[in-house]
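Please keep the sequence and the model at hand while reading.

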Amino acid sequence: MNILITGGAGFVGSSLALHFKNKFPSGRIAVLDNLKRRGSEINLQKFKENSIEFIHGDIRNPSDFEPLKKAWDIFFECSAEPSVLAGLNSSPKYLLETNLVGTINCLEFAKQYCGLFIFLSTSRVYSISPLREINLVEKATRFEVAPNQSIVGVSPSGISEKFPTDLSRSLYGTSKLASEYLVQEYATTYGLKSLINRCGVIAGPGQFGKVDQGVYTLWVARHFFNQPLKYTGFGGTGKQVRDLIHIRDLISLLEKQVQTQTGLEAPTFNVGGGNFCSTSLFELTHLCQEVTGNRVEITNEKETTPVDIPWYVSDNEKVQKRFDWKPKHTVKDLVSDIKIWLSNNQTLLKSSFC
Ligand SMILES: NC(=O)c1ccc[n+]([C@@H]2O[C@H](COP(=O)([O-])OP(=O)(O)OC[C@H]3O[C@@H](n4cnc5c(N)ncnc54)[C@H](O)[C@@H]3O)[C@@H](O)[C@H]2O)c1
């Protein structure tokens, strides 16, 4: 099995590279990354130790794919400017050139050289205003979705693929949705076998979390290193809810997808931890205290940014049925596994999180 991973030095890409090299030791696993994400360079040593090929390249440049012109069974497209805040107070140029033009370069390459193209998309393709209009009930530790909803695609099971995408959704979400459309066109026009996974929050060991991306891993790390935190938006109480998917659960799904050979004209799936692995920041704080034994100062900022949403839980029904898969790791597993990673690599990781 030969596997190419763009953005392969990042959190998801590097976890995939190491997993598949272990599973297919004689396969060729290659990673292309421009190392823009802080921390991604730390993975290069592990690539060397595991005979994973690394190409220091940029998906914005078609010529950077030159050394990869061979047949690949699978192409995982994991590169991105993944911040929902990108372009808000700065130019969106890098975001659009990577997340949109870069996808076109990946697709052009994939249509010639790759068997199956798996695109890592995001729950951020759903429109912000209807997400903010969902009927919620404020409980002691979190917002909960009310049983009666007038918007299509939302229920107590979460947000399904039917939820509206037709209104504004952040520059990041729009760049991903536009890329999804292109993946579909390459599937129908050129017969490129492909799959689209709209992931909710992905978390776990190996993630260099920051405030605008990977905040749940950051939350654990700040507790571990005794650093202050802040609840932001929705009254500053930390009751906003997300579902989290453990990187190991995502990998177990991708492994099943890799084995699939039919019905691959770019079907789209919501993928997340679902209600089973959902948390508010407030609840997460208590888990972090329990697991790390530390209590840190948490201030609050009541003001909500234009791209923030109070509740998002993935309705996994479609992907569960299609691939006979479901997430197995709880929020507590996630916090514990992140803590173990931090504690085993304290010196290396401290400067990344403090
Ligand atoms: N982590 C999450 O919570 C989450 C949620 C939903 C979707 N996703 C999607 O999953 C994918 C992987 O995310 P991640 O969490 O691993 O992010 P990450 O930032 O850890 O990894 C992305 C990698 O892409 C690289 N990169 C950025 N611009 C590049 C370019 N122009 N050329 C080559 N490489 C470039 C970065 O250096 C980084 O190593 C992304 O497409 C992201 O949008 C992530």
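## A buried glutamate in a strand

The side chains of E77 and S79 are joined by a polar contact of 2.6 Å, a polar contact being a pair of N or O atoms within 3.5 Å, where within protein one must be able to donate a hydrogen and the other to accept it, and where residues adjacent in sequence count only if both atoms are side-chain atoms. A second polar contact, of 2.8 Å, links the side chain of E77 to that of T6. The model is a predicted one, in which local features need pLDDT of at least 70 and side-chain atom pairs count only at pLDDT 80 or more, while totals for chains, interfaces and linings use all residues. Residues are numbered from 1 along each chain as its sequence is written, and side-chain values use heavy atoms, with hydrogens and water left out.

E77 sits in strand β4; helices (H or I, at least four residues) and strands (E, at least two) are DSSP runs numbered from the N terminus. E77 is buried and yet has no salt bridge, since the nearest side chain of opposite charge, K176, is 5.5 Å away. Here buried means under 20% relative accessible area, exposed over 50% and partly exposed in between, with a 1.4 Å probe and protein chains only, and Lys and Arg count as positive and Asp and Glu as negative, with His and the chain ends not counted. Leaving aside neighbours within four places in sequence, E77 is in contact (heavy atoms within 4.5 Å) with residues including I59, T103, C106 and F119.

## Salt bridges

A salt bridge is taken as a side-chain nitrogen of Lys or Arg within 4 Å of a carboxyl oxygen of Asp or Glu, and by this rule the count comes to 18. One of them pairs R60 with E97, the closest N and O atoms being 3.9 Å apart. Because R60 lies in the loop between β3 (53-56) and β4 (72-77) and E97 in helix α3 (residues 93-113), this pair ties together parts that are 37 residues apart in sequence. R60 is partly exposed at 30% relative accessible area, and E97 is partly exposed at 28%. D58, R60, K93 and E97 are linked in a network of salt bridges.

R248 and D337 form another salt bridge, with 2.8 Å between the closest N and O atoms; R248 lies in helix α7 (residues 247-259) and D337 in helix α10 (residues 331-344), so the pair ties together parts that are 89 residues apart in sequence. R248 counts as partly exposed at 43% relative accessibility, whereas D337 counts as buried at 18%.

## The second largest pocket

About 430 Å³ of space lies in the second largest pocket, and of the 19 residues that line this pocket, the closest to its centre are S15, L18, K46, P205 and G206. On a 1 Å grid over the protein atoms alone, a pocket is an open set of points where a 1.4 Å probe fits, with protein on both sides within 12 Å along at least five of seven lines, and lining residues have an atom within 4 Å of a point. Helix α1 gives the most to the lining, with 5 residues.

## A buried threonine

T279, in strand β15 (residues 278-280), is buried, with a relative accessible area of 3%. The side chain of T279 reaches the backbone nitrogen of L284 at 3.5 Å.

Technical notes. Points joined across faces, edges and corners; volume = space filled by probe spheres on them.
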